[in-house]
Amino acid sequence: MSEIVRAALVQQKWTGEKKTMIENAVTHVQAAAAQGAQVVCLQELFYGPYFCQVQEPEYFGYTEAIPDGPTTRLMQEVARENGVVLIVPMYEHEQPGVYYNTAAVIDADGTYLGKHRKNHIPQVRGFWEKFYFRPGNLGYPIFDTAVGRIGVYICYERHFPEGWRALGLAGARIVFNPSATSRGLSQYLWRLEQPAAAVANEYFVGAINRVGVEPLGDNDFYGQSYFVDPRGQLVGEAASDTEEEIVVRDLDMGQLQEVRDLWAFYRDRRPDSYGPLTEA
């Protein structure tokens, strides 16, 4: 019989304060676990507004240490109590003036497994991220969890194929892409890039987005969180484009072997011919 992993994505609106964003996220994780979810991913910078619509030093106050900060510790307890793997995207404080856009990964027994720091940082209107974040320096880590090997790729990174491939080569079965993406700029890519990455790399992708217009700008975050299989097909429907939602889907890991046997992309790679890509 195929192995089924029940996975969940949490799509939230900004409540106006960090405290209630965290409380709502915990409630949503509990609800997903009650539906049998084994792994749950929250949205990019989940406990705050998407403050990168402006460039103001006051938002440095949203940083926390990872794993020694209060939210990571809380989510370790939430993971343990509910028996779920958690991907928790936060604003990381490494030392004064050194901050990262980061996702902590916590196993189902509450063990902190590590973190992914966003490597690709945009600096365009409404997404002034270079003001807030240093580029990641941890590469493309893979995490061995209770649901198998998973990877994380954060928002803007989805436009870069190299990291998707690095995660596949390291054995990822599911890659989560927590995001904050809005109508008008990249919505036309939302249903294109992640399915294409899932096909090219032969794994499942969980694409998460927030919803609503936040007070800091006119970006209209359109939700539509979804899972896509290694054939590029949505697993069930995408979430609402206006409302909070918990997306819970059964992912059939048997598809991974079927697709890899059929297409054999990993067999037919030619890394010996790719050297110039790193020299350009």
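Trainee: Which residues lie nearest the centre of the largest pocket?
Mentor: Keep in mind that this is a predicted model. Nearest the centre of the largest pocket lie P161, E162, R165, A166 and L277, and the lining counts 19 residues. The space inside that pocket comes to about 450 Å³.

Trainee: And which helix gives the largest share of that lining?
Mentor: That is helix 3, which contributes 6 residues. Helix 3 covers 161–169, and along with helix 5, at 193–201, it is one of the helices that each supply at least two residues of the lining.

Trainee: How do the lining residues divide into nonpolar, polar and charged?
Mentor: For the largest pocket, there are 10 nonpolar residues, 4 polar ones and 5 charged ones.

Trainee: What volume does the second largest pocket have?
Mentor: The second largest pocket has a volume of about 200 Å³. It is lined by 16 residues, and those closest to its centre are F127, Y156, H159, L185 and S186. By class, its lining holds 10 nonpolar, 3 polar and 3 charged residues.

Trainee: Okay, changing topic: how many salt bridges are there?
Mentor: Searching the whole structure gives 19 salt bridges. As background, side chains of opposite charge can pair when their charged atoms come close. One of the bridges here is between R6 and D250, with 2.6 Å from N to O.

Trainee: What about E214 and R210, buried or exposed?
Mentor: Both E214 and R210 are buried, and they form a salt bridge in which the closest N and O atoms are 2.8 Å apart. For another pair, look at R267 and D268, whose side chains meet at 2.7 Å, N to O; R267 is exposed, with a relative accessible area of 64%, while D268 is partly exposed at 43%.

Trainee: Which residues are linked in a network of salt bridges?
Mentor: E92, E94, K115 and R117 are linked in one. K115 also turns up in strand 5, where it is the bridge partner of A104.

Trainee: How do strand 4 and strand 5 run?
Mentor: Strand 4 (residues 98–106) and strand 5 (residues 112–117) run antiparallel and are joined by 5 bridges. Their hairpin has 5 residues between the strands, and there G110 takes a positive phi near 90°.

Terms used
Residues numbered from 1 in each chain as written. Predicted model: local features only at pLDDT ≥ 70, side-chain atom pairs only at ≥ 80, totals over all residues. Heavy atoms only, no water. Salt bridge = Lys/Arg side-chain N within 4 Å of Asp/Glu carboxyl O. Buried < 20%, exposed > 50% of the residue type's maximum accessible area, 1.4 Å probe, protein only. Pairing = 2+ DSSP bridges. Helix = DSSP H or I, 4+ residues; strand = E, 2+ residues; numbered from the N terminus. 1 Å grid on protein atoms, 1.4 Å probe; cavity = no way out; pocket = protein on both sides within 12 Å on 5 of 7 lines; lining within 4 Å. Points joined across faces, edges and corners; volume = space filled by probe spheres on them. Nonpolar A, V, L, I, M, F, W, Y, C, P; charged D, E, K, R; others polar.
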